[in-house]
Amino acid sequence: MFKDSVETIEMLKAILKTIDEGIHAVDASGMTIFYNEVAARLDGLKVPQVLNQHVLYSFPSLNQQTSTLLNVIKTGKPIINQHQTYTNVNGKRVDTVNTTLPLIVDGELIGAIEISKDLTKIKQLSEKLLDMQAQFHKDRSVTIKNGHYASYHLEDFISADPQIDQLKSLSKKVSETSSPVLIFGETGTGKEVLIQGIHNHSLRKNKPFIAQNCAAIPSQLLESILFGTVKGSFTGAVDRPGLFELADGGTLFLDEINSMPLDIQAKLLRVLQDGVVRRIGAVQGKLVNVRIMAALNEHPSECVKSNKLREDLYYRLNVIFFEIPPLRYRISDIHLLAEHFISQYNVQFKKQIKGLSEEAFHLFKQYPWPGNVRELKHVIEYAMNMADDNEEIKVADLPHHLLATPSLAGSIEQTPIPPLREALAHRERELISKALSASDGNIQKAAQLLKIPRQTLQYKLKINAH
């Protein structure tokens with residue numbers, strides 16, 4: 001039994017040594033009981049310099065208050081995803097995101113463990129990109145031409161679906177203003193294509209279009225990317241404009257805004273309200289003229305309920321709201337898009353594929369396309385590599401995951417059936433949107449077209465807004 005326990009401990013240590021993240025564990029007194037090579041590399045130390053030593057001995061710049069490991073031992077509460085910038089003993093600047101957790105056995109706190117993810121390279125690349133954007137923006141000898149930042153136009157949103165036609169028509173209308181735009185759609189439905197199209201149809205088309213995905217970026221890093229920094233505001237900080245300043249006069253697109261940390265959402269709200277952006281560490285702000293467009297891959301009302309999106313920010317962004325229906329609700333678009341991508345790849349691959357076989361198209365109509373248009377494009381690209389030149393794309397040319405989908409096991413052609421509540425709600429929103437468009441936003445006229453009382457329509461609009 002004892003032998004098995006020793007072997008288990010040694011195995012766990014071997015596993016922890018192979019993990020590509022810094023791991024530092026201490027006992028209840030603050031003595032280091034485990035410290036892997038990755039942590040040593042981040043700190044610029046050797047493992048023996050830290051192992052079996054007290055935290056404050058190995059890291060004399062820390063104290064009881066600033067050491068996250070000692071704090072967790074004292075409070076018993078975890079510290080999740082804390083961004084840290086420091087200079088190690090070798091003078092190297094390091095950026096990490098640390099999660100520090102209490103170690104509890106049989107209800108007793110026996111120590112703490114800290115897992116550090118190195119963000120140094122990611123931050124360096126982000127800063128280089130910001131510097132390049134800032135330099136280009138500053139260089140007035142370069143003429144910013146139409147579409148330089150945004151390559152898509154509304155015409156590039158290919159569809160024969162009436163819902164998309166209406167969406168494009170409404171997009172042309174809203175492109176004439178500077179009101180915020182909020183777009184909801186599943187991954188791969190074409191949210192950025194629509195947003196770039198609105199920008200390129202607007203008076204801002206000759207100004208910058210800058211896109212930033214908000215997912216999986218630590219709070220402090222995202223804050224510096226968006227708002228910029230002043231020299232000395234934190235270790236290693238330099239004078240650098242953020243994306244708001246770089247997008248001045250143009251459009252800033254924030255993708256997956258529901259992944260943005262809530263504290264940054266509060267600062268974003270202030271910029272939206274007064275149009276003033278203040279760099280980290282700056283005393284004074286700068287007035288910017290930026291149109292904000294944002295996208296979510298979850299419905300905004302659900303994001304508000306789950307506390308992923310601040311309610312006040314949602315109301316500020318939700319001036320113009322568009323919902324892009326998923327591809328499984330636009331069966332008529334599948335063949336149109338497939339033929340479009342085949343034409344594109346015929347040129348790129350120098351082939352002459354004739355199109356989809358009847359059997360392949362039959363399968364395409366049955367498949368639910370969870371990745372939407374993006375997945376369809378990748379499937380066509382795969383098939384174009386497999387198919388013989390001057391032939392049609394056959395079922396045998398398609399990727400395995402398409403053929404292995406359980407819903408395609410039978411031979412009966414069927415359209416994926418969504419939940420009834422979801423389908424009815426989607427259809428109701430579609431009809432209300434069409435009625436409002438046909439009546440130029442007049443609620444009384446729209447209610448007459450829908451043959452419902454005006455109060456009922458107002459109630460439904462209020463419910464849908466939430």
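## Around histidine 299 and beyond

Leaving aside residues up to four places away in sequence, histidine 299 touches Phe184, Phe321 and Glu323. Touching, or contact, means heavy atoms within 4.5 Å. This is a predicted model, in which local features need pLDDT of at least 70 and side-chain atom pairs count only at pLDDT 80 or more, while totals for chains, interfaces and linings use all residues. Residues are numbered from 1 along each chain as its sequence is written, and side-chain values use heavy atoms, with hydrogens and water left out.

Histidine 299 sits in the loop between S13 and helix H12 (300-305). Helices (H or I, at least four residues) and strands (E, at least two) are DSSP runs, numbered from the N terminus. Is histidine 299 buried or exposed? Histidine 299 is buried, because its relative accessible area is 16%. Buried means under 20% relative accessible area, exposed means over 50%, and partly exposed lies in between (1.4 Å probe, protein chains only).

**The whole protein**

The protein has 20 helices and 16 strands. Of its 466 residues, 44% count as buried. Now take contacts between residues at least 6 apart in sequence. Of these, 66% join residues at least 24 apart.

**A covered helix**

Helix H8 (residues 191-200) is mostly covered, with 9 of its 10 residues buried. The buried ones are Lys191, Val193, Leu194, Ile195, Gln196, Gly197, Ile198, His199 and Asn200. What covers them? The cover includes helix H7 (162-174) and strand S6 (181-184). Strands S7 (209-213), S10 (251-255), S13 (291-296) and S14 (320-323) are also among the covering elements.

**A buried leucine**

Leucine 268 is part of helix H11. Its relative accessibility is 0%, so leucine 268 counts as buried. Which residues does leucine 268 touch, not counting residues up to four places away in sequence? They are Phe227, Phe244, Leu254, Ile257, Met260 and Leu313. Leucine 268 and glutamate 223 are 45 residues apart along the chain, and their C-alpha atoms are separated by 9.3 Å.

Two pairs of helices cross. Axes are lines fitted to C-alpha atoms, for helices over the stretch in contact, and angles run from 0 to 180 degrees between N-to-C directions.

| Helix pair | Axes come within | Crossing angle |
|---|---|---|
| H14 (residues 331-349) and H15 (residues 358-366) | 9 Å | roughly 135 degrees |
| H18 (residues 420-438) and H19 (residues 443-450) | 8 Å | roughly 125 degrees |

The angle makes H14 oblique to H15. Likewise, H18 is oblique to H19. Angles under 35 degrees count as roughly parallel, over 145 as roughly antiparallel, 65 to 115 as roughly perpendicular, and the rest as oblique.

H14 passes H15 in a right-handed crossing. Here, left-handed means that the near helix is turned anticlockwise from the far one by less than a right angle, and right-handed means clockwise. H14 brings Ile331, Ile334, His335 and Ala338 to the contact, and H15 brings Phe361, Phe364 and Lys365. These residues divide into 5 nonpolar, 1 polar and 1 charged. Ala, Val, Leu, Ile, Met, Phe, Trp, Tyr, Cys and Pro count as nonpolar, Asp, Glu, Lys and Arg as charged, and the others, Gly among them, as polar.

The crossing of H18 and H19 is right-handed. Leu431, Ile432, Ala435, Leu436 and Ala438 in H18 meet Ile443, Ala446, Leu449 and Leu450 in H19. How do the residues of this H18 and H19 contact divide? There are 9 nonpolar, no polar and no charged.

**A hairpin**

Strand S1 (residues 22-27) pairs with strand S2 (residues 32-35) in the antiparallel sense, over 3 bridges. Two strands pair if DSSP finds at least two bridges between them. Histidine 24 stands opposite tyrosine 35 in S2. The hairpin has 4 residues between the strands, and there glycine 30 takes a positive phi near 95 degrees.

**Positive phi without glycine**

Most residues other than glycine have a negative phi. Glutamate 256 has a positive phi of about 50 degrees although it is not a glycine. Glutamate 256 lies in the loop between S10 and helix H11 (262-274). Its relative accessibility is 21%, so glutamate 256 counts as partly exposed.

Asparagine 372 is not a glycine either, yet has a positive phi of about 60 degrees. Asparagine 372 belongs to helix H16 (residues 372-386). Why does asparagine 372 count as buried? Because its relative accessibility is 0%.
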